[in-house]
Amino acid sequence: MKTSLAYEFKRIFLPLCIFTAIAAVLFAVNALTSDFIGTYHVFDEATEQYFPITGPTNTLVYIPALILCALCFIVPAMQFSYRMKRRGTDLWYALPIKRRNLVLVRLIGGLALILIPYTISYWLGFLIIACKDNLFELVWYVPLFFASLPVALCLFGINAFCFTRANTVGDGIIFMIMLSLALTMPVLFLNNHYYKYTPSLIRNATNFFPFSAVIWIFLDFNSLLLGRSAVSDTGSLIFSCVLCAAEGAAAYFGLIFTADKHKAENAGQISDSLFGYKTLIPWFVFFSVLTMSTPASLLFGSAAFSLINLVVILIGGLIGYFIYRRSFRIKKCDLISLGISFLAGIAFMLLNQYAILPLLD
């Protein structure tokens, strides 16, 4: 294991230097060229007018947030692409190391590729900001950094699990995107039809997006740095962080638990995981029908628009299966799955409109 870790750090040394340089230059240049004291307008309730005030502005916390999110998306694809090519799997699986240990080594290397560039760029940017004229509550940069580390750990695990469900790099990237959006689909349906019956936490579909924890954390600390109270919804902050932590723990468990079961011959083949196309395409088709169409729009003035939506959803599902099979010749079971999910969406739409909603009203 020690030998494997030593080799891993030698292997990632060059990309580590490149990522660190890019992240550091990006934050440093913006910090050097930005003004941190500016004039903005505040609304006075007594006079019902806006008046100008000079104060702190532009904390640049969005830059480390973007760096962190980008690294958590790019690094999993880099670290686990060896599983996507037959030559790579034959090489790595021939080494005297268990596949589970190999995954652990790649996870450790991946975390280094994320945390080292992020840490160096973060504190370099902080030092530049601290040396320039500003009116920030600079002490809040310290807890912001440490609050962002657990989120980075979870995001990397989630994306690594999603990416490794595929057998090719392209499928892995698609899986990371689609699985990140999967939980937002039922929420969009609830917002369209049950908005007044759902709690405020569920109404915000972005709370179910893994990266939302990063957004809420940086938004809150941005306000604290400006000397104001936290502006975000505390419930949404807690909910998104808890959900991200739960998904991260499940992702790490699934990634390590299934490591020994991965077969070298799967590399480059059709990605038929349950966390992939065969589940995601019907899922997105079903909820897209529920979200984008209603019986009222089909029967009245916007019927043409709603029918176009249904056709677009159906075509989108077909394109999904073309990508899944890498051919225009898709299997009969794929057509059956697409048809069932599409018709089930229409059936549930009618049931919801004429049975469930009237009962609630």
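The model is predicted, so I noted the limits: local features need pLDDT of at least 70, side-chain atom pairs count only at pLDDT 80 or more, and totals for chains, interfaces and linings use all residues. Residues are numbered from 1 along each chain as its sequence is written, and side-chain values use heavy atoms, leaving out hydrogens and water.

I looked up Tyr 118 and Phe 145 and found them stacked, 5.8 Å centre to centre with 15° between the planes. Tyr 118 lies in helix α5 (residues 99–131) and Phe 145 in helix α6, so the pair ties together parts 27 residues apart in sequence. Helices here are DSSP runs (H or I, at least four residues), numbered from the N terminus. Both Tyr 118 and Phe 145 are buried (under 20% relative accessible area; exposed is over 50%, partly exposed in between; 1.4 Å probe, protein chains only).

Next I checked Phe 253 and Phe 257, both in helix α11 (residues 234–257). Their ring centres are 5.5 Å apart and their planes at 10°, so this pair is stacked. Phe 253 is exposed at 58% relative accessible area, while Phe 257 is partly exposed at 42%.

I also noted a cluster linked by ring pairs: Tyr 118, Tyr 122, Trp 123, Phe 126, Tyr 141, Phe 145 and Phe 146.

Conventions. Phe/Tyr/Trp six-rings, centres within 6.5 Å; stacked < 30°, edge-to-face > 60°. Helix = DSSP H or I, 4+ residues; strand = E, 2+ residues; numbered from the N terminus.
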